[in-house]
Amino acid sequence: MAETDFPGWHGTTIVAVRKGGRVVIAGDGQVSLGQTVIKGTARKVRRISPGGRDIIAGFAGSTADAFALLERLETKLEATPGLLQRAAVDLAKDWRTDKYLQKLEAMLIVSDGSELYVVTGAGDVLEPEHNVTAIGSGGNYALAAGRALMDGDLDAEAIARRAMQIASEICVYTNGNLTVETLEAGKESHD
């Protein structure tokens with residue numbers, strides 16, 4: 001089916017912030033089909049625990065594709081316990097070379113609380129230079145806001161929440177219904 005045959009799914013803004021020994025990944029809840037909002041409460045940030053170790057992941061793109069990638073990432077993490085970078089690189093290699101995976105339309109942000117990566121279908125595993133990264137339709141807005149807030153007194157969660165608020169005020173495919181997951185040394189939290 002050609003892209004013009006189907007109005008397409010739009011939406012999602014995911015931002016990740018690493019500051020003060022914490023990593024926070026926040027995502028909005030809006031799913032749009034063409035010009036219509038069809039769901040406002042989707043959970044696009046998830047916690048997975050392969051081998052008992054918590055990883056948080058946020059995804060943009062097709063939900064089914066993202067879940068297929070998350071399952072594959074979990075398998076990679078079980079095969080390489082404690083090695084998020086290796087698992088992410090192995091996933092990116094498979095994604096680029098496997099004919100089934102090549103058709104998947106999604107991007108991931110993943111973290112184990114210390115490492116933080118964006119994983120793409122082009123074979124990229126990118127670590128943010130400024131401890132902030134974002135993906136999705138409002139990703140550039142959230143990224144700019146997050147980077148601007150990094151030098152202030154706000155903690156990682158406050159930066160992520162404010163960056164998402166700003167993105168939701170600019171991007172019509174992003175709402176303010178957030179899912180936020182946090183990892184820090186020895187502690188976990190979510191809401």
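Which residues lie nearest the centre of the second largest pocket? In this predicted model, the second largest pocket is lined by 13 residues, and those nearest its centre are Pro-128, Val-132, Thr-133, Ala-134 and Leu-143. Two elements, the strand β11 (132–136) and the helix α4 (139–149), each give two or more residues to this lining. The largest share comes from β11, which supplies four residues. When the lining of the second largest pocket is sorted by class, seven residues are nonpolar, three are polar and three are charged, and the space that lies in this pocket comes to about 170 Å³.

We can now turn to a pair of helices. Two packed helices are described by the angle between their axes together with the distance between those axes. For helix α1 (residues 63–79) and helix α2 (residues 84–97), the axes come within 9 Å and cross at roughly 130°. Why is α1 called oblique to α2? Angles of 65 to 115 degrees count as roughly perpendicular and those over 145 as roughly antiparallel, and the crossing at roughly 130° therefore makes α1 oblique to α2. The crossing in which α1 passes α2 is right-handed.

The residues that bring these helices into contact can also be named. From α1 come Leu-69, Arg-72, Leu-73, Lys-76 and Leu-77, and they meet Leu-84, Ala-87, Ala-88, Asp-90, Leu-91, Asp-94 and Trp-95 in α2. By class, this contact of α1 with α2 has eight nonpolar and four charged residues, with no polar residues.

Terms used:
Residues are numbered from 1 along each chain as its sequence is written. This is a predicted model: local features need pLDDT of at least 70, side-chain atom pairs count only at pLDDT 80 or more; totals for chains, interfaces and linings use all residues. Side-chain values use heavy atoms; hydrogens and water are left out. On a 1 Å grid over the protein atoms alone, a cavity is a set of points where a 1.4 Å probe fits but cannot get out, and a pocket is an open set with protein on both sides within 12 Å along at least five of seven lines; lining residues have an atom within 4 Å of a point. Grid points are joined across faces, edges and corners, and a volume is the space filled by probe spheres set on the points. Ala, Val, Leu, Ile, Met, Phe, Trp, Tyr, Cys and Pro count as nonpolar, Asp, Glu, Lys and Arg as charged, and the others, Gly among them, as polar. Axes are lines fitted to C-alpha atoms, for helices over the stretch in contact, and angles run from 0 to 180 degrees between N-to-C directions. Angles under 35 degrees count as roughly parallel, over 145 as roughly antiparallel, 65 to 115 as roughly perpendicular and the rest as oblique. A crossing is left-handed if the near helix is turned anticlockwise from the far one by less than a right angle, and right-handed if clockwise. Contact means heavy atoms within 4.5 Å.
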